[in-house]
Amino acid sequence: MTASKKTDERLIKKYPNRRLYDTQTSTYITLADVKQLVLETEEFKVVDAKTGEDLTRSILLQIILEEETGGVPMFSSAMLSQIIRFYGHALQGMMGTYLEKNIQTFIEIQNKLADQSKGIYEGAAFNPDVWAQFMNMQAPMMQGMMTNYIEQSKNLFVQMQEQMQSQAKNMFSTFPFPGGPGAPGAPGTPGAPGKDPNKKP
């Protein structure tokens, strides 16, 4: 029973008074509680109690806003400005995918480091000297992983750029320009004007 609850998506309803109601625990919760669900990688969905509209992204953005204004911000003003400029841009979808894949790659690097450091936390009290020694030993590995991360990021961007160029070529090829190859009336196409073999020059 517990296992099935864990795999099921948790439903949270948002009421007009902005209160959040957790249907799993039958209690009202705060934005801080929702943040804790995120940290615990709990699957959940926030919906409008009246309309059923999915508000999950809106709630997650509220949490990010609180984190950005309350503590040490992760995004600089310049970075946020660049992100805003991509809204409505032809590359908006591409940039969203690019950022998502980059974050996933970074998480994989983080997980590798966490696996390497398990021995420090398990079975012994935390020792700052041991941790410092461990980090010094991991420096070359981290540098290698970050180099691979940057290389993967660059390759991903190039790959997506080439894909977009290919799509653009295919799109324009279906709309031939007047007089261009394959266009109506172009030389070599049926019905195209040509020289009359009986006409003298």
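1. Let me start with a buried pair: glutamate 42 and arginine 10 are both buried (buried is under 20% relative accessible area, exposed over 50%, partly exposed in between, with a 1.4 Å probe and protein chains only). Their side chains meet in a salt bridge at 3.9 Å, N to O (a side-chain nitrogen of Lys or Arg within 4 Å of a carboxyl oxygen of Asp or Glu). Glutamate 42 sits in the loop between helix 2 (31–39) and strand 4 (44–48) and arginine 10 in strand 1, so the contact ties together parts that are 32 residues apart in sequence. Helices (H or I, at least four residues) and strands (E, at least two) are DSSP runs, numbered from the N terminus.

2. A word on what we're looking at: this is a predicted model, where local features need pLDDT of at least 70 and side-chain atom pairs count only at pLDDT 80 or more, while totals for chains, interfaces and linings use all residues. Residues are numbered from 1 along each chain as its sequence is written, and side-chain values use heavy atoms, with hydrogens and water left out.

3. Arginine 10 has another partner: its side chain meets that of aspartate 22 in a salt bridge at 2.7 Å, N to O. Here strand 2 (residues 20–22) supplies aspartate 22 and strand 1 (residues 10–14) supplies arginine 10, so the pair ties together parts twelve residues apart in sequence. How buried are the two ends? Aspartate 22 counts as buried because its relative accessibility is 2%, and arginine 10 counts as buried at 11%.

4. Now for the lysine. The side chains of lysine 35 and glutamate 67 form a salt bridge at 2.7 Å, N to O. This one links distant parts of the chain, with lysine 35 in helix 2 and glutamate 67 in helix 3 (residues 56–70), 32 residues apart. Lysine 35 counts as partly exposed, at 30% relative accessibility, and so does glutamate 67, at 38%.

5. Putting the bridges together: shared partners join Arg10, Asp22 and Glu42 into one network. The structure holds three salt bridges.
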